[in-house]
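Subject: Structure handover

Hello,

The structure is below for you to look through. My notes follow it.

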Amino acid sequence: MRPILVLVVLLLGGAALGASDSRQQEVQASEILAKIERGEPVEYDNVVIAGDLDLSMVDLPTRYVERTRDEVEHLGLDENAKLVVSSIKIKDSEIRGDVNFGNAIFQESVNFKRAQFSGNAYFRGAQFSEYTSFLDAQFSGYANFRNAQFSGYANFWGAQFSGYAYFWDAQFSGYAYFWDAQFSGYAVFRNAQFSEDAAFEDVQFSEDAVFEDAQFRGNAYFEIAQFSGNADFKGAQFSGIADFEGAQFNEDANFNNAHFGGDLTLNNSKTYKIRLSNPTFGDKSNLHLTGADFYRLYLRWDDVKDNLAYDGAAYMALVKNFKNLEYFGDADDCYYQYRWESQRRKNWLEWSKYSDLLACAACGYGVRPIRPLILGLSVVVICAVYYRQKDAIRRLKDNGSAKADFKDAFYFSMMTFTTVGYGDWYPQDEHRNLVMFEGILGWLLLSLFLVTLASVMIR
C-alpha cells in the first residue's frame, strides 16, 4: 500500500513541478517601454506582460507627418509622430493591459505572432515600414488600426477579433493577408486602400462587414467567406478580380455603385439579398453566377447584359429573379440573350440551331411580339409586289378584264394574309398555290403574334 502512495505523491509532485516550469514568466510593460526608448530590440516569447504598453509614456524622437484636419481633430493624431527604431517581436505572449502604439512610425518589423491582447489595442495612424505580423493574434477588446499604413506585408492570418475591428482609411501597400480570420464584432474597412492582393478567404464576419468605398488595386479574394451580418461594398473599387466563390451572405450584400475592373465571381455563393445597382464593369470583366443561390438579386439587365458570363442555369435564375422583382422587361431581355447565346454556341450541323434561328426571327424566342407583325407585313408587301408584277389577280365585277395596280394588289394580299377573303378580286389559276400559301402563313404568324403578345402582357 505504501509503495503505491509514494508513487502517487511522486506523480503529483512531478505534475506540480511541470506546471510550475510551464508557467509563463511575467514581464512589466515598463521594461519593454524602456527598451523601446533606448532603441533596443524587443524580443519576448511566451511571457505575460503586465501593465499598459503606452508609447505616450516614453520619450522618443519625432518625425513630421502631414495629417488632415479630420485625423488631428477626430482621431487625436499628432503631426509629430513618434519614431520607433526598435524591432518588436512579442510572440505567444499575453498582454494584460492596453496597447497604445498609435501615431508611431515603426522602422523595423513588428511581430505579434499568436499574441493575446487582453485589453484594447490602439494602432491609430501607425506606420509600419517593414513586415508586420499579427498571425493568429487574439484581440479581446477593440482593435483600432484606423489610418494605419502598412508598407510591407500585413499578416493577420487566423487573427481573432472579439471586439470591434477598425481599419477605416487604412493603407496596405504590400500584400494583406486576413485568411481564416474571425471578426466577432463589427469589421470596418471603409475607405481602406489595398495596393496589392487582399486575401480574405474563409474569413468569418459575425457582425456587419463594412468595405464601403474601399479600393482594391490588386485582386480581392473572399472565397468561402461567411458574412453573418450585412456586407457593405457600396462604392468599392475592384481593379482586379473580385472573387466571392462559395461565400455565404446571411443578410444583405450591397455592391451598389461598385466598379469591377476584373471579373466578379459569385459562383456557388449563397446569398439572401444582393444589391448590384449601377455597377460599372471593365471592357473584359465578367459576372460569374454559376451555381449561385440567391433569394433576391437587385440589379437591372442593362447594367450586366454585356458582362454576364454564359451559363444556362445562371441565365434562367436571373430570369426568375427579374420576374419575382416584377422587372418583366428585364426578364424578357435576359431570356432573349440566353436563347441567342445558346444557339450561337451550337454547331451548324445541329438541326436545333436552325429551329432556334427560326424562332428568333419569327417571334424573338417568344418575347418579341413585334417580330411576327414585321414579318407578316413583309410577307404582305412581297406578295403584293408579285401579284402586281405577274398580273396574278383580276377584278370580279369587270369579268376579269381590269388589271390591278399596287394599291389593289396590296389590298388583295392583306385580305389573303388575314384569311378574311379575297374581296372583289380573285387569283389567276396558275397563282392559286401562292395565294393559298400566303393565307396559311398569315394564319400561323397571326396566331404566333397573339400567343407571344399574351405571354408578354399577361404575367
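Asn 278 is found in the loop between strand S39 (270-275) and strand S40 (280-281); helices (H or I, at least four residues) and strands (E, at least two) are DSSP runs, numbered from the N terminus. The phi of Asn 278 is positive, about 55°, although Asn 278 is not a glycine. Asn 257 also has a positive phi, near 60°, in a residue other than glycine. Asn 257 lies in the loop between strand S36 (248-254) and strand S37 (259-260). With a relative accessible area of 43%, Asn 257 is partly exposed; buried means under 20% relative accessible area, exposed over 50%, and partly exposed in between (1.4 Å probe, protein chains only).

Please keep in mind that this is a predicted model, in which local features need pLDDT of at least 70 and side-chain atom pairs count only at pLDDT 80 or more, while totals for chains, interfaces and linings use all residues. Residues are numbered from 1 along each chain as its sequence is written, and side-chain values use heavy atoms, with hydrogens and water left out.

The whole protein

The secondary structure comes to 10 helices and 44 strands. Of the 459 residues in the protein, 46% are buried. The accessible surface is about 22700 Å², and carbon and sulfur atoms account for 50% of that surface; accessible areas come from the Shrake-Rupley method with a 1.4 Å probe, and for residues only the protein chains shown count as cover. Among contacts (heavy atoms within 4.5 Å) between residues at least 6 apart in sequence, 28% join residues at least 24 apart.

A buried phenylalanine

Phe 134 lies in the loop between strand S15 (132-133) and strand S16 (138-139). Is Phe 134 buried or exposed? Phe 134 is buried, at a relative accessible area of 0%. Leaving aside neighbours within four places in sequence, the residues in contact with Phe 134 are Phe 112, Phe 117, Phe 123, Phe 139, Phe 145, Asn 155, Phe 156, Trp 157 and Ala 159. Phe 112 is 22 residues away from Phe 134 along the chain, with 5.0 Å between the two C-alpha atoms.

Helices H6 and H7

Helix H6 (residues 328-344) packs against helix H7 (residues 351-363) at an angle of about 150°, with the axes 9 Å apart. Axes are lines fitted to C-alpha atoms, for helices over the stretch in contact, and angles run from 0 to 180 degrees between N-to-C directions. That angle makes H6 roughly antiparallel to H7; under 35 degrees counts as roughly parallel, over 145 as roughly antiparallel, 65 to 115 as roughly perpendicular and the rest as oblique. The crossing of H6 and H7 is left-handed, where left-handed means that the near helix is turned anticlockwise from the far one by less than a right angle, and right-handed that it is turned clockwise.

On the H6 side, Tyr 336, Arg 339, Trp 340, Gln 343 and Arg 344 meet Lys 353, Asp 356, Leu 357 and Cys 360 of H7. By class, this contact of H6 with H7 has 4 nonpolar, 1 polar and 4 charged residues; Ala, Val, Leu, Ile, Met, Phe, Trp, Tyr, Cys and Pro count as nonpolar, Asp, Glu, Lys and Arg as charged, and the others, Gly among them, as polar.

Asp 356, in helix H7, is buried, with a relative accessible area of 9%. Not counting residues up to four places away in sequence, Asp 356 touches Arg 339, Gln 343, Lys 346 and Tyr 365.

Helix H8 and its partners

The axes of helix H8 (residues 370-389) and helix H10 (residues 432-457) come within 9 Å and cross at roughly 165°. H8 is therefore roughly antiparallel to H10, and the crossing is left-handed. Residues of this contact include Leu 373, Val 380 and Tyr 387 of H8, and Leu 441 and Phe 449 of H10. The contact divides into 13 nonpolar, 1 polar and 1 charged residues.

With helix H9 (residues 406-417), the axis of H8 comes within 8 Å and crosses at roughly 130°. That makes H8 oblique to H9, and this crossing is right-handed.

Regards
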